[in-house]
Amino acid sequence: MADSDGRQVDGVNHATDKDVKLQEIALAKNEGKELTKEEKQRLRKEKKQHKKNKKDDKGPPEKEKEKEKASVPAPSKPATQSPAHKAAPAPVHASESAAAAEKPAKSKAELRAERRARQDSERTSKQGKKEGGQQSASSKPKATPNELQPVVKRLPEHVQVDDPAALKKLAKKLERQQKSGQGCGLNKTGVEVPLRSDYGYKVSLFSHLHQYSRKSPPTLQISIPATVIHPSIVRLGLQYSQGIIAGSNARSVALLHTFKQVIQDYSTPPNEELSRDLVNKLSPYISFLSQCRPLSASMGNAIKYIKKEISNIPSQCKEEEAKGKLQACIDSYINEKIILASEAISKYAIEKISDGDVILVYGCSSLVNHILCKAFEKQRKFRVIVVDSRPRLEGREALRRLVKKGIRCTYVLISALSYILPEVSKVFLGAHALLANGYVMSRVGTSQIALVAKAYNVPVLVCCETYKFCERVQTDSFVSNELDDPDDLIVTRNGKSHLENWQTVKSLGLLNLVYDVTPPDFVDLVITDLGMIPCTSVPVVLRVKNVDQ
Amino acid sequence: MPGADKETELSERIEAFLSELKRCGSGAGSLRGSAETARETTSLLRRITAQARWSNAGDLMEIIRKEGRRMTAGQPSETTVGNMVRRVLKIIREEYARSRGSTEEADQQESLHKLLTSGGSSEDNFRQHFTHLKANVIEAINELLTELEGTTDNISMQALEHIHSNEVIMTIGRSRTVEAFLKDAARKRKFHVIVAECAPFCQGHEMATSLSKEDIETTVIPDAAIFAVMSRVNKVIIGTQTVLANGGLRAVNGTHTLALAAKHHSTPLIVCAPMFKLSPQVSDTPFTRFSEILSKVNAHCPVFDYVPPELITLFISNIGGNAPSYIYRLMSELYHPEDHEL
C-alpha cells in the first residue's frame, strides 16, 4: 500500500503542478497568444508525461478495486481525487481529458501518436484562422469551417452567476490580465480590471444573471490613471454602463471608433510582434467592457473581425503601415456593414411601404427610423404610431426624430396595443440579434407586439443587418438575457412612490429585463442587406458568410 | 315641514353621490373600489325607497329609473351603479308579484323558448297599491346589502380550490378581489406572484407592496415583459371592471395582451369578479383620454380593454365558478330584460 500511496501522492502533486500549467496553457490559447516552437514542444512533452502518470494512477487503483472489492474505499478515493483535480480545468479541456478518460483500452503509444498528429494538423490550419478569443462567443478551433465538427462551446461567464466556481475563475482571469499588462513591474495598488458586484435582490428565475446598479459605476475601484486600460476604453465603458450609449448599432460603432484610437496610440514593445501583442492588449479592455455591460452580439462579431484582421498582419509589415491598414479595415467595416447596409435595407423596405399606410414601430431602432425618414423623403404618404414602454421610454426619442422630419405620429404605451392595432396596416421592428434557430432577439416587449399583431392579422417585418446574425440558439427569454437596474421601475404617482423601499421588504423583487426573443412564427419577413428572407433562413446566411470569410 | 326637509336632504345626498362619482372618474378623488360604489348606491336607493313619495310600485320604479339614469350619466364607466339600479328594480318587481300572489316561477323561468314565444311585455303595469310593499322592498334591499358585503369573502373562500403550492401566478394592475383571493390562499399555501405594473398609473406597484407584506413572494415586471415571462407562469388570475353579457370583459388596459399571451402558452385565465359587476351591455366602446403634448402628435391613453370570451377559462364569483358561456343565464336571474335599458 505504501508503494501505491507514495505513487499516488506523487501523482497528486504532479496533478496540481500540471493543473496550473494546463490552466495557463488554456488561458494563453484563449487569449490568442501563440507559443513559440520550443515552448510548444516542452508543453507537449509535459502533457504526455502527465497523461502517463494519470493513467498509471488510474490503472493500478482500478485493478486493485476489481480484485479487492472488500476494501474499496482506500484505493478508490485517491483514484477519484486525481480525476477530480483534473476536473477543475475540465471545462476548457473537456474534450481532451474526456477523450483520454474514455479510452483506457487503446494503448498509450497509439494515443500519443494520434494526439501529436491532430495537434500538428490543427496548428497548421490555425495559421490562417484565429479563434475568437473573447468570452461570449468562444468555440473550439475547427479544423475546416465547412466540416460539421461537434463544437464544444464554453458557457459565457455572464450566464453563470449562480455558479461560485465560475465566478472564482472570472476573478482569477481578471487578476491575471491585470498582471500581464504590468510587464515592467510597476507597483500598482488596486484592481485594474474590476469585478463588479451584483445589486439588490434577484428574482430566483434569474439568479444566473448579473444585476448591476447604475449608481455604482465599475470605475470605483480603478486607480487613476489606469495603465492597463486605455482611457478612451474607460470612457466608453462608463458610457455603456450609464446608458448614455444605447442601441446595438451605436454601441458597435462607438466600440470600433475607440479601437481605432487604441490602435493609434499603440506602440509595439521590443521583441514582440504587433499581430500577437496587440490582440493580447485588447483582452483586458474587452473584459472591462463586458463588466460594464455584457457585450451584444453585434459587438462580439465586430471584435472577432478585428482580432482576425490583426492576426493576419504579416510579421514583416512596418508598424505605421500596419496601423494604417488596421484603421482602414475598421473604417471599411463600419462603412460596409452598418452604413451601406442600412441604405440597402431602406431600399428594400421602401418597396413595402405604400401610400395611406399606418405603420407601427416600437421603441427607438436607428435602422427603422432611417427607413421611415427615407420613405418620407421619397414622398410616400403614411403615418406612424410609436409604441413605448416603461421604464426605458425609448419611444420618446424615436418620436422626436420622426416629428422633426415632419412625419405624422401617434404615441401610445404598450398596454394600449389592443386598442390601437385595428388601425395599423404594418408593423416594423428592429432587432438586436437574429439567432440561428430563427428567433429574433430584441428589446423586451417586441415579442408582445408581434403576438398581438398576429392575432389581428397585421404583417410584422423585422429589419436587421447581417452583421447582427449570431450562431447562438435560444428558445426563451430566461437563459441568456440582461438584467437592468431594478431601481428604474420605481415611479412617483400622485406624490407617492410605493416601491421606494422595496429592498426592505423581504419578499418583493423587481424585474427589469432588457431583451426578449420572438418566435419565428410571429414574424412574416426579415429585411436584410442581402435581401428579404424568411426568419428561418438565418443559418443559411451564416453559412454563406462563413464560407466567404 | 318634515316631508320637505327629507326631500331636500335626499336630493342633497344624491347630488353628493353624483359629484363623488364624477370626481372618482377623473382620477382626482380617492379611488374607490367597485364594492364600495355598489354598497353606496344600494344604500342610496334604499333611502330613496324609504323617503321618496310614492303610492304604488310603478311610481317607485319610475323614480328609481330616473335617479338611475342621472347616476349612470354622471360616470358612464362605473357600470356598478347601473347594475345595482337594475337589481333593485328587479327586487321591486318580485315583491310586487309576490304581494299580488302570483307564483314566482312564472316570472323567473325565462327560458330561451319563453323569450321567443311570449312576446310583448307583461300585462300589468304595477299600479296596484299594497301597504306592505315598502317594508318588503326595504327588507329585500337589506338582504342585497348583506350579500354585497359578503362577496369578497365568498370569493376568497374558494381560493384554496384553485391554487396549489409552488405555483407561479400572474396578475395585472390592482384588484381588491384578487388581492383578498391571493392573501387567503397564502395563509395555507406557498406560491409566487408576478404583478404586471400596468402603466401609466402603475397600480401594480400598490398591489405588489400589499401582497409582499403578507410574505408572498412577489415580483414586479413592466408591461413589456408580459409575454417574455409568460412561459413560466402556471395561472393568470385577474380582476375586472365589468363582466359583459356575452362573457367578455371590460378590464384595465393591457388585459387583452395578457389574455392573448396566456392563450398562446395555453395558460388558464381566471377572472375573479363578484356578481354585481355583471352588466347587460355588450358594447365595448373604449374610454380614452386625449392629450396633446406636441402639436403634431396625438397621444392615446385608453383606460379599458375589451377581452373576448374565448380567451377566458373561468369566472370565480361569490356564487361559485362558472364558464364564460354560462354568463348569459346568470344575467337572466339577476335582471329583468325590460330593465336592460334604464
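Contact here means heavy atoms within 4.5 Å, and that idea runs through much of this briefing. The model is predicted: local features need pLDDT of at least 70, side-chain atom pairs count only at pLDDT 80 or more, and totals for chains, interfaces and linings use all residues. Residues are numbered from 1 along each chain as its sequence is written, chains are lettered from A and ligands numbered from 1 in the order in which they are written, and side-chain values use heavy atoms, with hydrogens and water left out.

**The two chains**

- Chain A holds 16 helices and eleven strands, where helices (H or I, at least four residues) and strands (E, at least two) are DSSP runs numbered from the N terminus.
- Of the 549 residues in chain A, 50% are buried, which is to say under 20% relative accessible area, with exposed meaning over 50% and partly exposed in between (1.4 Å probe, protein chains only).
- In chain A, 77% of the contacts with a separation of 6 or more join residues 24 or more positions apart.
- Chain B has twelve helices and twelve strands, and 54% of its 342 residues count as buried.
- For chain B, residues 24 or more positions apart supply 80% of the contacts with a separation of 6 or more.

**Chain A: a loop residue and a strand pair**

- A:Phe206 sits in the loop between helix 6 (164-181) and helix 7 (231-241) of chain A.
- Because its relative accessibility is 1%, A:Phe206 counts as buried.
- Leaving out residues up to four places away in sequence, A:Phe206 touches A:Ser477, A:Phe478, A:Leu483, A:Leu511 and A:Leu513.
- The C-alpha atoms of A:Phe206 and A:Gly430 are separated by 25 Å, and these residues lie 224 apart along the chain.
- Strand 1 (residues 357-362) and strand 2 of chain A run parallel and are joined by six bridges; two strands pair if DSSP finds at least two bridges between them.
- A:Val358 has A:Arg383 in strand 2 of chain A as its bridge partner.
- Strand 2 (residues 382-388) of chain A is mostly covered, with six of its seven residues buried.

**Chain B: a three-stranded sheet**

- Three strands of chain B form an open sheet in the order 5-6-10, with antiparallel pairing.
- Its edge strands are strand 5 (242-243) and strand 10 (304-307) of chain B, each pairing on one side only.
- Two bridges link strand 5 of chain B to strand 6 (residues 249-252) of chain B in the antiparallel sense, and B:Thr242 stands opposite B:Arg250 in strand 6 of chain B.
- Helix 11 (residues 255-264) of chain B lies across strand 6 and strand 10 of chain B, at about 35 degrees to strand 10 of chain B; axes are lines fitted to C-alpha atoms, for helices over the stretch in contact, and angles run from 0 to 180 degrees between N-to-C directions.

**Chain B: a helix pair**

- Helix 8 (residues 176-186) and helix 9 (residues 203-213) of chain B pack at an angle of about 20 degrees, with their axes 10 Å apart.
- Helix 8 of chain B is therefore roughly parallel to helix 9 of chain B, since angles under 35 degrees count as roughly parallel, over 145 as roughly antiparallel, 65 to 115 as roughly perpendicular and the rest as oblique.
- B:Val178, B:Glu179, B:Leu182 and B:Lys183 in helix 8 of chain B meet B:Met207, B:Ser210 and B:Leu211 in helix 9 of chain B.

**Chain B: a buried serine**

- B:Ser317 belongs to strand 11 (residues 314-317) of chain B and, at 3% relative accessibility, counts as buried.
- Beyond its neighbours within four places in sequence, B:Ser317 has contacts that include B:Ile155, B:Gln158 and B:Asn322.
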